[in-house]
Structure formats: structure tokens, C-alpha cells
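Open the model in your viewer and keep the selection tool handy. We will go from stop to stop, and at each one you will hear what to select and what is there.

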Amino acid sequence: MTAALPRDGDAPRARAKLAKKWTYLLSSRAFVPLTNRDLERHLLGFVERLCAGVGGEAPAHRVGREVGVALVDLDCATPDCLQCTVEVVGRGLLAMGGSRERVATAVAALAAGFVERVRAVTLAQQEQLGRSLHRAMRQAQVELEVVRAHHDVVEGHTSTGIATTDPRARVVRVNAALGRIVDRAPGALAGTSLFDLAHPAERDGIRADYAQLTRGGTTSITQPRKLLRADGETAWVTLTLSPLRRHEGGDRVVVLAEDATDVNLLQGQLNHQALHDVLTRLPNRQFFTSRLEQALRTADPDTGVTVFHLDLDGFSAVTGGLGREVGDHLLKVAAARLEEVVAEESAMVARFGFDEFAILVENSPSTPDVVTTARRINDRLAEPVDVRGGRIACTARIGVVHRPPRHASPEDLLDSAHLALRRAKGGGRRWELADPVRDRLDRRVLGLAATLPGAWEGGEVVVRYQPLVALEDERLVAAEPRLRWDHPELGEVPHERCFALAEDIGLVVPLGTWALRAACAQARSWRELGRDLPVRVSLAHAQATDPDLVAVVRSALADDGLPPGSLWLGVPADVVLGDGEAADGLRALADAGVGVEADGFTAAPADLTRVAGSPARAVRMSRPLTDRPEPLVARVLADLTAVVREAGVGVSVTGVATPAQARWWRDAGADTACGPLYGPAGPPEDLGPRSNT
Amino acid sequence: MTDLGWVPDGIDTNVPNVARTYDYLLGGAHNLAVDRELGDRVLDALPGARRMARINRSFLRRAVTHLVASGVDQFLDLGSGIPTAGNVHEVATRARVAYVDSEPVAVAHARLLLADVDRATAVQADLRDPDDVLSRPEVADLLDFDRPIGLLLLLALHFVPDSDDPWGVVARYRDRLAPGSHLVVTHATADRRTRAMRDVADSTARTRERLHYRTRAEVTRLFAGFDLLEPGVTGFALWRPEGAGDISADADDNAVAYAGVGVKPTAHPTPDHRARGTLT
């Protein structure tokens with residue numbers, strides 16, 4: 001215990017030798033992240049501290065413990081390391097003269113410090129590993145959540161149908177798009193077999209694809225395929241089957257179905273534009289029709305649906321007079337007001353065309369009746385709208401189809417509404433209910449109108465002439481062209497009907513112009529035969545207000561070399577007695593010598609005052625007359641004729657059927673007449689002989 | 001990687017892991033029972049396995065020390081495993097180091113160990129995808145590819161099958177490195193102790209990594225486009241050993257893996273030019 005370690009010159013050499021040997025043994029037993037020289041330097045330090053402990057300069061047990069800990073911290077921590085350390089250090093210290101007891105204490109403490117440190121390091125490393133595992137797991141979960149969220153977003157919003165199935169094609173998971181493609185609720189698809197969703201003709205093919213994938217195929221299979229929709233229709237898709245190998249829970253097949261029939265995403269965006277009116281943002285006719293089709297099927301049979309078809313009155317006058325901008329504004333206001341009227345109802349307001357709207361109401365027990373709704377529509381539209389330079393109001397004509405049968409086709413229904421609308425217009429009423437009997441009649445007429453242009457071109461429409469005579473002596477004073485359509489099935493369609501049909505299809509002006517030119521050509525023919533017989537051409541309203549009328553008349557006269565006096569024009573009274581541009585044009589023609597007469601003169605006080613200043617040189621009354629008029633009527637008519645004649649304007653009458661009527665008119669002061677009494681309209685040559693008499 | 005599983009296998013504590021088994025062989029405690037079981041089986045087949053792990057670590061220290069002495073101060077360590085004591089950033093105490101491993105627990109562990117080290121980072125990536133590795137912000141921001149880099153592939157490429165073309169992978173990294181950069185490789189071989197090495201390969205079959213031993217010539221080919229430093233590709237203990245701990249008394253221990261260090265030349269001529277010798 002008292003023996004000191006050597007202090008002589010040999011001592012440092014002995015310690016260095018021990019350190020060197022210790023270094024060699026440790027470095028061949030453990031990885032020490034140090035060069036041998038550095039390791040040796042560390043170990044020499046340990047040797048010196050141990051010597052101090054054994055020599056009594058420091059507590060041997062404390063020094064031993066510290067060296068044991070330091071060894072482990074140098075990564076000399078294996079059992080081999082401890083074994084060789086105890087051996088080489090124990091022997092070395094004894095060889096240097098240390099007491100057995102102190103050397104044993106130091107080495108025992110070294111072993112204890114070593115073990116204590118190894119235990120602490122091991123626990124620390126295990127702790128670190130546990131945290132690493134936890135972190136990696138959490139990271140994986142976070143990534144998984146991100147992937148899942150991403151997956152859900154993609155699956156939920158893509159238009160591509162996506163399903164996951166087991167290897168036997170049983171659906172495990174499915175997205176909404178696939179449900180849409182096959183027209184089934186996604187929830188109902190889980191558990192079903194993809195084979196059952198396939199078109200029967202495709203099932204074997206898809207089975208073969210699955211067989212290939214479950215045999216270990218690794219590549220996806222893409223094929224155009226047909227799927228079966230719930231409604232029995234076929235959905236064309238591009239089907240991609242991809243294997244999904246899993247370590248647990250069995251393999252899966254991911255199914256992608258790209259819809260090849262339905263609108264794709266882009267088309268979906270365009271859909272709104274295709275189904276809505278750009279100006280008013282209301283649904284258009286196409287959208288309305290499909291909604292109507294649906295509503296007819298799903299409406300409560302006790303209440304049904306009602307369709308209103310509206311046409312704004314005189315709307316072209318608004319756009320013509322106040323400009324398109326005002327017209328657009330008015331249409332937007334009207335659209336908004338119509339929506340307000342039916343805001344309480346399950347209803348759709350649509351814009352069909354220029355000034356046409358439609359309303360579909362799916363009736364409920366609380367829906368107001370048709371009369372109330374039609375009145376509300378007109379009341380609301382009639383409220384004045386402030387526009388540039390003033391206030392204007394709107395009125396509408398409405399055709400109504402109320403509670404049509406469930407099986408009615410939307411097209412027929414809209415036709416009925418349109419026909420009712422036309423009748424409302426024709427009858428001067430605000431609204432009209434569809435009437436199947438009237439519909440059929442109107443449809444036939446419309447069918448006839450549709451064939452008029454072809455008939456006209458094909459020469460089925462001919463011009464006949466009826467005589468116009470002086471009541472005084474029944475002398476022929478002019479010939480009136482009358483159209484007649486020799487219809488192959490219906491027989492003769494008379495003049496008025498021809499023009500009515502032409503009006504329905506917008507053919508009035510061309511047809512009237514054609515008749516005017518034909519009459520002028522005929523007048524020339526007669527002149528060439530030495531017969532100076534004027535022609536009196538009645539103009540339809542549209543023709544009379546046509547801005548080209550003056551030019552048309554002038555060129556017809558010029559082409560046939562006719563003097564203006566050879567042409568008389570019968571012009572609707574409201575045009576020729578009015579003060580519009582049309583009246584100015586007629587005045588110019590009258591000044592040039594063309595005979596202008598007012599047709600359909602009503603003898604209303606306003607008309608009477610305007611006759612004098614108008615270009616008309618005569619008025620024509622078409623008042624039907626019995627052989628013996630009531631004395632009061634007779635007196636009024638006579639007074640009227642006198643007033644007109646006093647203004648220097650002639651009086652002409654139509655529809656004279658009997659000699660008594662002719663006499664009556666002659667006594668009343670009328671100048672000329674036409675009608676059945678003077679013979680029907682006939683071919684031009686029929687009028688020749690009479691003109692000679 | 002075409003792994004279609006959701007949970008990375010590396011987190012499955014029932015599957016042994018190469019990085020943790022290596023730690024066990026080095027005497028560490030960063031490992032689980034399954035890893036120690038695998039380590040013990042390796043030890044059965046190859047009783048010197050602990051020594052060999054130590055030899056590889058010693059080689060790492062020597063090679064990195066040499067590179068630092070050559071002026072390299074940034075390292076890209078591919079397949080780094082768990083950077084425990086004596087790893088690159090501890091040897092090269094002033095260098096910047098990017099550790100890359102595909103194994104999530106190793107990377108999580110590396111991040112934990114490197115929490116206080118600014119100049120080192122750990123990235124989870126697959127070394128077979130150089131474009132991905134080099135474009136990772138952690139790598140791109142830390143390392144300056146206009147200056148020499150030490151590219152370390154230690155006991156890593158023998159997990160890359162021929163079908164993934166390890167030579168092509170190395171070439172793609174090489175093309176991105178500045179002249180003066182070094183390639184450091186250790187690679188297991190069955191040129192010696194063939195049967196024992198096969199047994200080791202069989203024992204590791206349960207891990208997700210398969211061992212692909214290569215011959216000396218195959219390992220040498222990895223250095224295409226690099227000038228090999230003396231002594232060329234050699235047993236990993238025999239590359240410039242410095243002391244007793246660097247080398248085993250058993251000659252076969254010293255050669256279960258090949259090691260080599262190459263430097264990318266300034267104007268890197270094609271192998272053809274070099275074959276024709278002194279044209280320049």
C-alpha cells in the first residue's frame with residue numbers, strides 16, 4: 001500500500017510502452033475513429049492517471065472509474081476491449097510496482113465505470129433509435145395523409161371514373177365520376193363486380209385482362225370498352241386496368257374509365273354557354289326543352305305543369321327607334337321581372353329568341369291560377385322602364401299550355417304554346433289558352449304556308465284580274481290583279497289566303513312585288529294591243545311600308561314603259577293617312593302621277609280629317625252591306641261619302657254582290673266598285689272584250 | 001423505386017435493416033432485435049464480420065482524411081446508413097457533408113444525430129436516381145458543384161443490381177462533378193471466401209436489399225473517367241493502411257470488399273485518348 005511507483009527515468013518509458021501495447025490491442029478489437037497516434041496519446045494519459053491512482057496521489061477507485069468511462073467514449077466499448085484492457089493495464093501497473101490491492105481497486109473501478117458507461121450509451125442509443133422510428137413513422141403517416149388528401153381531391157374532382165377492385169373485379173372503392181358515367185350512385189357500386197358493369201359483349205375481354213393482371217402482369221392494360229348504364233344505355237369509355245401489388249391484404253386492380261361519350265371537362269365548361277342566353281343569362285330554348293321534358297315526367301300529376309310562351313309587343317319598334325342598347329336593357333329588365341313573377345314557384349324562365357320568352361311552372365297546390373299569373377306578368381311588364389330620353393312600357397302576348405298530359409312531347413307542347421300565342425296576337429287578346437282543336441287547324445295552315453314558296457317557284461301561283469267598274473255606267477275603269485294558288489290537293493287557294501300565308505312566313509314583300517310587276521307587265525301587254533287599261537294593285541301592309549317601295553314602283557313602270565297613270569296602288573289606310581316615311585314615299589309617287597288609294601277606310605273621325613291632306617285621291621270602303629241597309633247606317637254612310645267627296649277624294653267600294661247594292665252605293669255617291677256582281681277574277685284576256693265596249 | 005406499398009418497409013420493425021445491422025457489427029446499440037439476429041447470422045457465416053465492419057470504417061477515415069488533405073471540403077455520402085461516431089463529418093471536421101440514404105429510419109436517425117450540426121444534412125433519396133438526388137434542395141443548397149466534391153459510395157453499390165446499371169449511375173454523378181472531385185468506393189466481393197460470402201448473401205435475403213458481389217474488374221470499371229490513385233482497386237484493408245487497427249491478420253478478411261479512390265482529371269479525356277498514351 002505504501003510502495004510508490006517508480007519515479008526514476010525508466011518510469012515514463014514504461015508508461016509509454018504500456019500505452020503503445022494497449023493501443024495496438026484496442027485498435028485491432030474495436031473501431032476507434034482516431035489515428036493510432038491520437039489513440040495512443042489518449043491512452044498514455046489514462047496510464048498516467050491510473051499510475052497516480054495506484055501511487056496514492058489520487059483515489060484509485062475514482063481514477064479507475066473515470067478511465068473506464070473515457071474508454072467507452074473513445075468507442076472502445078466492446079467486451080474484447082474491456083478484456084484486453086483489464087489484462088494489459090492490470091499487468092502493466094503491477095509490473096511498474098503498484099501494490100496488488102491498489103491495482104485491483106483501480107482495475108475493478110475501471111471495469112465498473114466501463115460497464116456503467118456502456119449501459120448508459122446503449123440506453124441512449126436505443127432511445128435515439130426509438131425516436132427515429134417514431135419520427136420516420138410519423139413522417140410516413142404525414143406523407144400518407146398528403147398522398148391520401150391529394151388522391152381524394154384528384155378522385156373527387158376528375159371527370160375520369162376511378163375504381164379500385166380486388167383481383168376478382170369486386171369494387172372496393174369508387175369515385176363519383178365513375179358513378180356518373182354508369183349512371184349509378186357511387187355507394188351502390190361498392191361490392192358489385194366490374195364484370196357486371198361491363199357491356200355483355202365486353203365481359204369476356206375484361207375477364208381476360210384481369211386474368212393477365214392476376215397472373216403477375218405488371219403493365220397496365222388500356223382498351224376502348226363499353227360499360228352499361230343504369231338506364232340501359234351504353235357508356236363508351238377508355239378503360240385502363242393497372243395492378244396494385246400490396247405486401248399485405250391482397251393485390252388490387254386500379255380501374256380508370258375515361259368517358260368517351262359524355263362531354264369532357266372542356267365541354268362541361270362550354271355547357272353553360274351552350275344552354276344559356278348571353279344577354280339575359282336566362283336558360284335558352286334547348287335547356288328549357290330538356291327541363292320541360294324532365295318536369296313532364298316528374299311533376300305531381302294532381303297539379304301538373306304550365307307553360308307560358310310570351311312575345312313582347314312592338315319590340316322591334318323599340319330597337320328600331322331607340323337603338324339596340326335600349327332594346328338590350330329592356331330585355332334584361334323584362335327577364336328579371338318575369339323571374340320575379342314566378343319567384344315563389346318552382347319555375348324556369350327562358351329566353352327563346354329575339355323578343356320571345358317562356359316560363360315553365362311546376363305547379364303546386366299554392367300556385368296561382370293561369371289567369372292570375374298571366375295578369376301578373378302583364379302588370380309587371382307594364383310598369384314603365386326608365387331609358388335614355390324617357391320611359392317606356394312593355395306589354396306581352398302570352399300563349400298558355402296548362403297541365404298538358406304527362407306523355408306529351410316537349411316539342412308538341414311548345415308548338416301548342418306558340419300557336420296559342422299567335423291566336424292571342426291575331427285576336428288582339430293578352431293571352432290565350434292552347435286549344436287542341438284550334439291547334440290542329442293552325443298547324444294545317446302553317447303547313448300550307450311552309451309549302452307556299454315552293455309552290456310559287458313551281459308556277460302554282462297565278463295572277464288573275466278582276467274588273468273595277470264605274471258605278472255610274474258600269475264601264476271598266478281598271479283591272480285588279482288577284483293571286484290564286486292552284487293547290488294540287490286543296491284546290492284553289494284564294495288571293496287573301498295566299499297573302500295571309502305569305503304573311504305567316506315573311507314572304508309578303510317578295511310575293512307582293514312579284515304581283516305588282518306581273519300587273520305592270522300585263523298593263524303593257526294590253527297597251528301593246530291598243531287597250532289602255534290601268535291596273536289597281538292592293539299592297540299588303542308590309543309591302544306598303546317597305547322602304548324600297550318607291551324604287552320598286554319606279555323600276556316596274558320604267559321596265560314596262562308605263563305612264564304612271566296606268567298604275568293605281570291600294571294602300572292600307574293607316575299607312576297612307578299616317579305621317580311616316582311611307583306616306584312621304586307615297587306622296588312622291590302620287591305627285592308623279594301614280595294613282596294612290598286608301599284601302600280599308602274606316603271613316604273614323606281622325607281618318608276623315610287626314611284624308612284631305614293625304615296623297616290618296618280615293619278611299620275604298622269594304623263595309624259589308626245588305627241589300628237594304630238600316631236607315632241609320634245608310635244615312636251615316638251617305639254623309640260620310642259626301643264629306644270625303646267634298647274633300648276632293650273619290651270613294652270606291654268592294655264586295656258589291658247585287659244590283660241593289662250597286663244602286664245604293666251609286667246613290668250614296670260612290671264612284672267605283674268591284675265585287676262578284678261584275679264577274680270573278682279571270683285570265684287577262686277575259687277583260688279585253690269588255691274594255692272595248 | 002416502384003414500391004407500391006404505402007408504409008415504407010424500413011419502418012417495419014419486423015424486418016431487419018442493413019444500416020442497423022452494420023451498426024450492430026460495429027458495436028453500436030442503434031439497432032433492434034431483428035437486426036441483431038441478422039447480424040448474428042452474418043457472424044455465423046463470416047466470423048470476421050465485426051472486423052470487416054471495423055476495417056471499412058477505418059478505410060473511410062483514411063480516405064476522407066486523404067481527401068481533406070487534397071483540399072476537398074465537401075462530401076456527398078451515398079448510402080450513408082446511420083452516421084454514428086467516426087463518420088464523415090467527424091473525420092472532416094470543417095467540411096460540409098450531405099448524407100443520402102433511401103432508408104427512412106436511417107435518415108430520421110441521421111437527422112437526430114445531426115440536429116446540432118449545421119454543415120451536415122441527411123436526405124432520404126434513392127442513390128440510383130442522380131437527377132433526383134442532385135436536385136434536392138438540401139443537397140443543392142449545401143454543396144457547390146463548381147468545386148471539388150468527395151463522392152462516397154461505401155458498401156453501397158453492391159445493393160444495386162446490374163439491371164440498374166451501377167456504372168451508368170456513377171457516370172451520371174461523375175458528369176456533374178467538378179474536376180478535382182474524388183470518387184471513393186468500397187464494394188463487397190466473393191472473389192475470396194466465395195462460399196461464406198454466398199451464405200452472408202442468403203442470410204440477408206430477408207432484408208429488402210439484395211447483395212450483388214462484383215469482381216475486381218467490375219469494381220475497377222466504376223472508376224471510368226476518374227484517375228485511380230495508388231494502389232488502385234485493392235482489398236479495403238490494403239488501401240494505405242496506417243496501423244494495426246486498419247488491417248486484419250487474416251489476408252481474406254482484408255479483401256472481402258474492394259476499395260478504391262479516383263480523382264476526376266481537369267480535362268477529362270475519354271478512355272480512348274488515355275489508351276493511346278501521350279498524344280497531348
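Start by selecting helix α20 (residues 549-560) of chain A and helix α22 (residues 581-591) of chain A, whose axes come within 9 Å and cross at roughly 25°. Axes here are lines fitted to C-alpha atoms, for helices over the stretch in contact, and angles run from 0 to 180 degrees between N-to-C directions. Helices (H or I, at least four residues) and strands (E, at least two) are DSSP runs, numbered from the N terminus. The crossing angle makes α20(A) roughly parallel to α22(A); angles under 35 degrees count as roughly parallel, over 145 as roughly antiparallel, 65 to 115 as roughly perpendicular and the rest as oblique.

Now show the side chains. From α20(A), A:Leu549, A:Val550, A:Val553 and A:Arg554 make the contact with A:Gly585, A:Leu586, A:Ala588 and A:Leu589 of α22(A), contact meaning heavy atoms within 4.5 Å. Six of the residues in this contact are nonpolar, one is polar and one is charged. In this classing, Ala, Val, Leu, Ile, Met, Phe, Trp, Tyr, Cys and Pro count as nonpolar, Asp, Glu, Lys and Arg as charged, and the others, Gly among them, as polar.

A word on what you are viewing: this is a predicted model, in which local features need pLDDT of at least 70 and side-chain atom pairs count only at pLDDT 80 or more, while totals for chains, interfaces and linings use all residues. Residues are numbered from 1 along each chain as its sequence is written, chains are lettered from A and ligands numbered from 1 in the order in which they are written, and side-chain values use heavy atoms, with hydrogens and water left out.

Next, the cavities. How many cavities of 30 Å³ or more does a search of the whole structure find? There are two. On a 1 Å grid over the protein atoms alone, a cavity is a set of points where a 1.4 Å probe fits but cannot get out, and a pocket is an open set with protein on both sides within 12 Å along at least five of seven lines; lining residues have an atom within 4 Å of a point. Grid points are joined across faces, edges and corners, and a volume is the space filled by probe spheres set on the points.

The largest cavity holds about 80 Å³. To find its lining, select residues including A:Glu480, A:His495, A:Phe499 and A:Arg536. β14(A) gives the largest share, four residues, and the lining as a whole has five nonpolar, three polar and three charged residues.

Move on to the second largest cavity, of about 60 Å³. Among the residues lining it are A:Phe31, A:Asn36, B:Arg54 and B:Asp246. α3(B) gives the most to this lining, with three residues.

For the second largest pocket, with about 1100 Å³ of space, select A:Asp75, A:Ala77, B:Leu26, B:Gly27 and B:Gly28, which lie nearest its centre among 40 lining residues. Eight of the lining residues, the largest share, come from α5(A).

In chain B, a cis peptide bond with omega of about 5° joins B:Glu230 and B:Pro231; B:Pro231 sits in the loop between β6 (227-228) and β7 (234-235) of chain B. In chain A, select A:Ala169, a residue other than glycine with a positive phi near 75°, in the loop between β1 (161-165) and β2 (171-174) of chain A.
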